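Subject: Structure handover

Hello,

Here is the structure I promised to pass on. Please look it over first, then read my notes below.

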Amino acid sequence: MPAETARPNQKETVTMRVLLPIDGSDCSNQTLHWAADTFNKAQARYFLLFVIPVLPDLNTVEYDIVEASAMLRKAKNIMESQGCLVERAEYVLGDTIDQICRYADEIDADQIVLGSHGRTGISKLLMGSTSIKVLEHSPRPVTIHRNIERYAPEHERGMTANTIL
């Protein structure tokens, strides 16, 4: 006789843990709005993370903590005003890429959602791309959100992605 398989309770909801690293930029704020509109509000739990880079010989950490806390409060308010559940909003100190990947593992994130600033040329060469580096280093699924309004050619602005395609 075959073994019985346990069936999940139909009333249980699957929870999705979404990590949203933020930096306070317009791009980051647009990504918050996009994530709030994209993921199922009944299932998604958001974790907001601000990474404060620690640079040698610079005594700015105290100022950065105050600024990070303010940005996290603002981001949390944005998400909650759109009906999202923010489980945690925290800052950490260290290398941005390492800390995002470590934090994703710590919370067992199902998805990391990052905004792309769309840097090109010398700016991309000097500053790199945080989103691409996280994509390369994290074993977790990564979504890179790019704001169409900012990066689309002028004649395509105001259109939806379906219209552009």
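C84 is buried, at 6% relative accessible area (buried means under 20% relative accessible area, exposed over 50%, partly exposed in between, with a 1.4 Å probe and protein chains only). C101 also counts as buried, at 11%. The disulfide count is zero, taking a disulfide as a pair of cysteine sulfur atoms within 2.5 Å.

A note on the source: this is a predicted model, where local features need pLDDT of at least 70, side-chain atom pairs count only at pLDDT 80 or more, and totals for chains, interfaces and linings use all residues. Residues are numbered from 1 along each chain as its sequence is written, and side-chain values use heavy atoms, leaving out hydrogens and water.

The overall picture:
- The protein chain has seven helices and five strands. These are DSSP runs, numbered from the N terminus: helices are H or I with at least four residues, strands are E with at least two.
- From the N terminus, the order is β-α-β-α-β-α-β-α-α-β-α-α.
- Of its 165 residues, 35% count as buried.
- Among contacts (heavy atoms within 4.5 Å) with a separation of 6 or more, 74% join residues 24 or more positions apart.

Now the sheet. It is open and has five strands, in the order β3-β2-β1-β4-β5, with parallel pairing. Strands pair if DSSP finds at least two bridges between them. β3 (85-93) and β5 (142-145) are at the edges with a single partner strand each, so one side of each has no neighbour in the sheet. The twist averages 25° from one strand to the next. Axes are lines fitted to C-alpha atoms, for helices over the stretch in contact, and angles run from 0 to 180 degrees between N-to-C directions. β1 pairs with β4 (residues 111-115) over two bridges, in the parallel sense. V18 stands opposite Q111 in β4.

Helix α1 packs on this sheet. It touches β1, β2, β4 and β5, and its direction makes about 165° with that of β1. Helix α5 (residues 130-137) lies across β4 and β5, at about 165° to β5.

Which residues have the most contacts inside the largest nonpolar core? They are L20, L32, Y46, L48 and M79, in a core of 21 residues. A nonpolar core is a set of buried Ala, Val, Leu, Ile, Met, Phe, Trp, Tyr and Cys residues joined through side-chain atoms within 4.5 Å. Its largest share, six residues, comes from α2. A second, separate core has 16 residues, including F47 and I97.

Best wishes
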